[in-house]
Amino acid sequence: MATVGPSHGGRYSRVAILFHWVIAALVVANLWIGLIGGSMPVHKAVGITVLVLTLGRIAWRLGHRPPPLPPLPPETAGWERMVARASHFAFYVLLLVVPLTGWAMSSGAKRYPLDWFGLFPIPYLPISDSAAHLGHELHEIVGFGMAGLVALHVAAALRHHFLLRDGVLARMLPGRRAVP
Ligand code: HEM
Ligand code: HEM
(Lines give C-alpha, C1' and ligand atoms only; values in the text may rest on other atoms or scores of the structure.)
(Ligands and ions follow the chains in the order given, each with its own letter.)
Protein backbone atom coordinates (compact mmCIF):
# COMPACT_ATOMS: atom_id res chain seq x y z
CA MET A 1 0.00 0.00 0.00
CA ALA A 2 1.57 3.26 -1.09
CA THR A 3 1.55 6.07 1.44
CA VAL A 4 1.33 9.45 -0.22
CA GLY A 5 3.53 11.71 1.88
CA PRO A 6 1.83 13.95 4.42
CA SER A 7 -1.63 13.40 2.93
CA HIS A 8 -1.93 9.98 4.64
CA GLY A 9 -2.98 8.31 1.41
CA GLY A 10 -5.73 10.88 0.82
CA ARG A 11 -7.38 10.69 4.21
CA TYR A 12 -7.53 13.10 7.13
CA SER A 13 -5.05 12.47 9.94
CA ARG A 14 -6.11 10.75 13.17
CA VAL A 15 -6.10 14.03 15.10
CA ALA A 16 -8.30 15.74 12.49
CA ILE A 17 -10.73 12.79 12.52
CA LEU A 18 -10.89 12.76 16.32
CA PHE A 19 -11.56 16.54 16.49
CA HIS A 20 -14.17 16.24 13.73
CA TRP A 21 -16.27 13.49 15.29
CA VAL A 22 -16.05 14.58 18.94
CA ILE A 23 -17.12 18.13 18.02
CA ALA A 24 -19.79 16.85 15.58
CA ALA A 25 -21.35 14.64 18.29
CA LEU A 26 -21.36 17.52 20.82
CA VAL A 27 -22.86 19.95 18.28
CA VAL A 28 -25.65 17.56 17.28
CA ALA A 29 -26.43 16.91 20.97
CA ASN A 30 -26.50 20.65 21.69
CA LEU A 31 -28.70 21.50 18.73
CA TRP A 32 -31.08 18.85 20.00
CA ILE A 33 -31.07 20.13 23.60
CA GLY A 34 -31.40 23.76 22.41
CA LEU A 35 -34.29 23.07 20.06
CA ILE A 36 -36.35 20.89 22.43
CA GLY A 37 -35.52 23.22 25.35
CA GLY A 38 -33.85 20.50 27.42
CA SER A 39 -31.47 20.91 30.36
CA MET A 40 -29.88 24.35 29.98
CA PRO A 41 -26.98 23.74 32.45
CA VAL A 42 -25.95 20.75 30.27
CA HIS A 43 -26.48 22.79 27.07
CA LYS A 44 -24.22 25.56 28.37
CA ALA A 45 -21.45 23.22 29.57
CA VAL A 46 -21.48 21.25 26.29
CA GLY A 47 -21.41 24.53 24.32
CA ILE A 48 -18.40 25.87 26.24
CA THR A 49 -16.67 22.52 25.63
CA VAL A 50 -17.28 22.95 21.88
CA LEU A 51 -15.78 26.44 22.06
CA VAL A 52 -12.60 25.24 23.81
CA LEU A 53 -12.18 22.21 21.53
CA THR A 54 -12.71 24.41 18.47
CA LEU A 55 -9.94 26.79 19.56
CA GLY A 56 -7.64 23.76 19.83
CA ARG A 57 -8.87 22.40 16.51
CA ILE A 58 -8.29 25.67 14.66
CA ALA A 59 -4.80 26.09 16.18
CA TRP A 60 -3.98 22.56 15.10
CA ARG A 61 -5.56 22.99 11.65
CA LEU A 62 -3.47 26.11 10.93
CA GLY A 63 -0.37 23.94 11.11
CA HIS A 64 -1.78 20.90 9.27
CA ARG A 65 -3.30 21.12 5.80
CA PRO A 66 -6.10 18.67 4.95
CA PRO A 67 -5.28 15.97 2.39
CA PRO A 68 -5.67 17.17 -1.19
CA LEU A 69 -8.91 16.15 -2.90
CA PRO A 70 -8.51 13.53 -5.62
CA PRO A 71 -8.73 14.89 -9.15
CA LEU A 72 -12.39 15.55 -10.02
CA PRO A 73 -13.95 15.52 -13.48
CA PRO A 74 -13.34 18.99 -15.01
CA GLU A 75 -17.05 19.85 -15.23
CA THR A 76 -17.56 19.47 -11.48
CA ALA A 77 -14.21 20.68 -10.17
CA GLY A 78 -14.82 24.43 -9.90
CA TRP A 79 -18.02 25.24 -8.02
CA GLU A 80 -18.08 22.10 -5.88
CA ARG A 81 -14.63 22.78 -4.49
CA MET A 82 -15.68 26.37 -3.79
CA VAL A 83 -18.87 25.37 -1.94
CA ALA A 84 -16.95 22.75 0.06
CA ARG A 85 -14.29 25.27 1.06
CA ALA A 86 -16.81 28.00 1.89
CA SER A 87 -18.99 25.68 3.99
CA HIS A 88 -16.01 24.28 5.92
CA PHE A 89 -14.86 27.84 6.64
CA ALA A 90 -18.41 28.80 7.69
CA PHE A 91 -18.40 25.84 10.12
CA TYR A 92 -15.26 27.12 11.86
CA VAL A 93 -16.84 30.60 12.18
CA LEU A 94 -20.10 29.19 13.55
CA LEU A 95 -18.28 26.80 15.92
CA LEU A 96 -16.91 29.96 17.57
CA VAL A 97 -19.83 32.38 17.16
CA VAL A 98 -22.64 30.03 18.28
CA PRO A 99 -21.13 29.25 21.72
CA LEU A 100 -19.86 32.85 22.15
CA THR A 101 -23.32 34.35 21.57
CA GLY A 102 -24.81 31.76 23.97
CA TRP A 103 -22.17 32.67 26.57
CA ALA A 104 -22.93 36.39 26.03
CA MET A 105 -26.66 35.78 26.46
CA SER A 106 -26.06 33.86 29.69
CA SER A 107 -23.89 36.68 31.05
CA GLY A 108 -26.78 39.18 31.11
CA ALA A 109 -29.08 38.99 34.13
CA LYS A 110 -26.75 36.53 35.97
CA ARG A 111 -29.86 34.89 37.38
CA TYR A 112 -28.52 31.39 36.75
CA PRO A 113 -25.20 29.95 37.88
CA LEU A 114 -22.80 29.11 35.04
CA ASP A 115 -20.60 26.07 35.57
CA TRP A 116 -18.97 23.16 33.77
CA PHE A 117 -21.11 20.11 34.63
CA GLY A 118 -21.13 21.28 38.26
CA LEU A 119 -17.37 20.74 38.54
CA PHE A 120 -16.10 24.32 38.37
CA PRO A 121 -17.59 27.76 37.72
CA ILE A 122 -17.43 29.42 34.30
CA PRO A 123 -17.04 33.22 34.58
CA TYR A 124 -19.70 35.52 33.15
CA LEU A 125 -18.45 37.63 30.23
CA PRO A 126 -17.87 41.24 31.32
CA ILE A 127 -20.46 42.76 28.97
CA SER A 128 -23.42 45.14 29.22
CA ASP A 129 -27.07 44.06 29.41
CA SER A 130 -27.73 45.27 25.88
CA ALA A 131 -24.79 43.24 24.54
CA ALA A 132 -26.22 40.18 26.34
CA HIS A 133 -29.56 40.96 24.74
CA LEU A 134 -27.95 41.12 21.31
CA GLY A 135 -26.24 37.79 22.13
CA HIS A 136 -29.67 36.27 22.71
CA GLU A 137 -31.04 37.49 19.36
CA LEU A 138 -27.93 36.34 17.53
CA HIS A 139 -27.72 32.96 19.29
CA GLU A 140 -31.08 32.03 17.85
CA ILE A 141 -30.13 33.12 14.31
CA VAL A 142 -26.67 31.51 14.22
CA GLY A 143 -28.02 28.41 16.02
CA PHE A 144 -30.48 27.86 13.19
CA GLY A 145 -27.72 28.68 10.70
CA MET A 146 -25.65 25.90 12.26
CA ALA A 147 -28.56 23.45 11.96
CA GLY A 148 -28.97 24.36 8.28
CA LEU A 149 -25.26 23.98 7.55
CA VAL A 150 -25.18 20.57 9.28
CA ALA A 151 -28.09 19.44 7.08
CA LEU A 152 -26.30 20.62 3.91
CA HIS A 153 -22.99 19.04 5.03
CA VAL A 154 -24.55 15.66 5.85
CA ALA A 155 -26.46 15.67 2.54
CA ALA A 156 -23.18 16.37 0.71
CA ALA A 157 -21.37 13.58 2.59
CA LEU A 158 -24.14 11.08 1.77
CA ARG A 159 -24.23 12.20 -1.89
CA HIS A 160 -20.50 11.58 -2.16
CA HIS A 161 -20.82 8.19 -0.54
CA PHE A 162 -23.93 6.74 -2.18
CA LEU A 163 -24.31 8.61 -5.48
CA LEU A 164 -20.80 9.64 -6.53
CA ARG A 165 -19.08 6.76 -4.66
CA ASP A 166 -15.84 8.71 -4.66
CA GLY A 167 -14.38 7.95 -1.22
CA VAL A 168 -14.83 11.48 0.19
CA LEU A 169 -16.69 10.20 3.28
CA ALA A 170 -14.01 7.56 3.88
CA ARG A 171 -11.42 10.35 4.11
CA MET A 172 -13.03 11.41 7.39
CA LEU A 173 -13.72 7.93 8.81
CA PRO A 174 -11.27 6.17 11.12
CA GLY A 175 -9.49 3.24 9.46
CA ARG A 176 -6.17 2.21 8.01
CA ARG A 177 -6.97 1.54 4.39
CA ALA A 178 -5.90 4.06 1.76
CA VAL A 179 -8.72 6.03 0.18
CA PRO A 180 -8.95 6.05 -3.64
C1 HEM B 1 -22.33 24.11 20.09
C2 HEM B 1 -22.77 25.12 20.75
C3 HEM B 1 -24.21 25.55 20.80
C4 HEM B 1 -25.26 25.28 19.93
C5 HEM B 1 -25.23 24.46 18.63
C6 HEM B 1 -26.44 25.94 20.46
C7 HEM B 1 -27.69 25.93 19.87
C8 HEM B 1 -28.85 26.45 20.43
C9 HEM B 1 -30.14 26.42 19.82
C10 HEM B 1 -30.46 25.85 18.43
C11 HEM B 1 -31.01 27.01 20.69
C12 HEM B 1 -32.51 27.20 20.49
C13 HEM B 1 -32.80 28.50 19.78
C14 HEM B 1 -33.02 29.62 20.75
O15 HEM B 1 -34.03 29.58 21.46
O16 HEM B 1 -32.20 30.54 20.83
C17 HEM B 1 -30.27 27.41 21.86
C18 HEM B 1 -30.79 28.03 22.97
C19 HEM B 1 -30.06 28.46 24.07
N20 HEM B 1 -28.68 28.38 24.21
FE21 HEM B 1 -27.39 27.52 22.94
N22 HEM B 1 -26.10 26.58 21.63
C23 HEM B 1 -24.75 26.38 21.86
C24 HEM B 1 -24.00 26.89 22.92
C25 HEM B 1 -24.51 27.60 24.00
C26 HEM B 1 -23.72 28.14 25.09
C27 HEM B 1 -22.19 28.01 25.24
C28 HEM B 1 -24.58 28.78 25.94
C29 HEM B 1 -24.30 29.50 27.24
C30 HEM B 1 -23.19 29.44 27.93
C31 HEM B 1 -25.92 28.63 25.37
C32 HEM B 1 -27.08 29.11 25.96
C33 HEM B 1 -28.35 28.94 25.44
C34 HEM B 1 -29.56 29.39 26.12
C35 HEM B 1 -29.65 30.07 27.51
C36 HEM B 1 -30.65 29.08 25.25
C37 HEM B 1 -32.13 29.31 25.50
C38 HEM B 1 -32.57 30.57 24.83
C39 HEM B 1 -34.04 30.82 25.00
O40 HEM B 1 -34.73 29.97 25.54
O41 HEM B 1 -34.46 31.87 24.53
N42 HEM B 1 -25.83 27.92 24.18
N43 HEM B 1 -28.94 27.06 21.67
C1 HEM C 1 -22.71 17.90 12.93
C2 HEM C 1 -21.64 18.57 13.03
C3 HEM C 1 -20.51 18.59 12.04
C4 HEM C 1 -19.62 19.60 11.95
C5 HEM C 1 -19.60 20.88 12.80
C6 HEM C 1 -18.69 19.26 10.89
C7 HEM C 1 -17.62 20.07 10.50
C8 HEM C 1 -16.72 19.77 9.50
C9 HEM C 1 -15.62 20.62 9.10
C10 HEM C 1 -15.27 21.97 9.72
C11 HEM C 1 -14.95 19.99 8.10
C12 HEM C 1 -13.71 20.49 7.35
C13 HEM C 1 -12.45 19.91 7.90
C14 HEM C 1 -11.23 20.65 7.35
O15 HEM C 1 -10.84 20.40 6.20
O16 HEM C 1 -10.66 21.47 8.09
C17 HEM C 1 -15.62 18.74 7.86
C18 HEM C 1 -15.25 17.78 6.92
C19 HEM C 1 -15.96 16.62 6.67
N20 HEM C 1 -17.12 16.20 7.29
FE21 HEM C 1 -18.06 17.11 8.82
N22 HEM C 1 -19.03 18.04 10.35
C23 HEM C 1 -20.15 17.58 11.03
C24 HEM C 1 -20.81 16.38 10.81
C25 HEM C 1 -20.51 15.49 9.81
C26 HEM C 1 -21.25 14.27 9.51
C27 HEM C 1 -22.49 13.78 10.29
C28 HEM C 1 -20.65 13.68 8.45
C29 HEM C 1 -21.00 12.40 7.70
C30 HEM C 1 -22.24 11.99 7.48
C31 HEM C 1 -19.51 14.49 8.07
C32 HEM C 1 -18.61 14.22 7.05
C33 HEM C 1 -17.51 14.99 6.72
C34 HEM C 1 -16.57 14.64 5.67
C35 HEM C 1 -16.61 13.39 4.78
C36 HEM C 1 -15.60 15.66 5.64
C37 HEM C 1 -14.36 15.73 4.69
C38 HEM C 1 -14.70 16.50 3.45
C39 HEM C 1 -13.48 16.57 2.53
O40 HEM C 1 -12.85 15.55 2.32
O41 HEM C 1 -13.21 17.68 2.01
N42 HEM C 1 -19.46 15.58 8.93
N43 HEM C 1 -16.71 18.63 8.72
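Helix α2 gives the most to the shell around ligand 1, with six residues, where a residue is near a molecule if one of its heavy atoms lies within 4 Å of it, and where helices are DSSP runs of H or I with at least four residues, strands being E runs of at least two, numbered from the N terminus. This is a predicted model, in which local features need pLDDT of at least 70 and side-chain atom pairs count only at pLDDT 80 or more, while totals for chains, interfaces and linings use all residues. Residues are numbered from 1 along each chain as its sequence is written, and side-chain values use heavy atoms, with hydrogens and water left out.

**Around the ligand**
- Of the 19 residues around ligand 1, those that come nearest are H43, G102, S106, H136 and H139.
- The shell holds nine nonpolar, eight polar and two charged residues, with Ala, Val, Leu, Ile, Met, Phe, Trp, Tyr, Cys and Pro counted as nonpolar, Asp, Glu, Lys and Arg as charged, and the others, Gly among them, as polar.

**Polar atoms beside the ligand**
- An N or O atom in the side chain of H43 is 2.8 Å from a nitrogen atom of ligand 1.
- For H139, a polar side-chain atom lies 2.8 Å from a nitrogen atom of ligand 1, whereas a polar side-chain atom of H136 lies 2.7 Å from an oxygen atom of the ligand.

**The whole protein**
- The protein has four helices and two strands, and from the N terminus on its elements run α-α-α-β-β-α.
- Buried residues, those under 20% relative accessible area (1.4 Å probe, protein chains only), make up 33% of the 180 residues.

Notes:
Chains are lettered from A and ligands numbered from 1 in the order in which they are written. A polar contact is a pair of N or O atoms within 3.5 Å; within protein, one must be able to donate a hydrogen and the other to accept it, and residues adjacent in sequence count only if both atoms are side-chain atoms. Buried means under 20% relative accessible area, exposed over 50%, partly exposed in between (1.4 Å probe, protein chains only).
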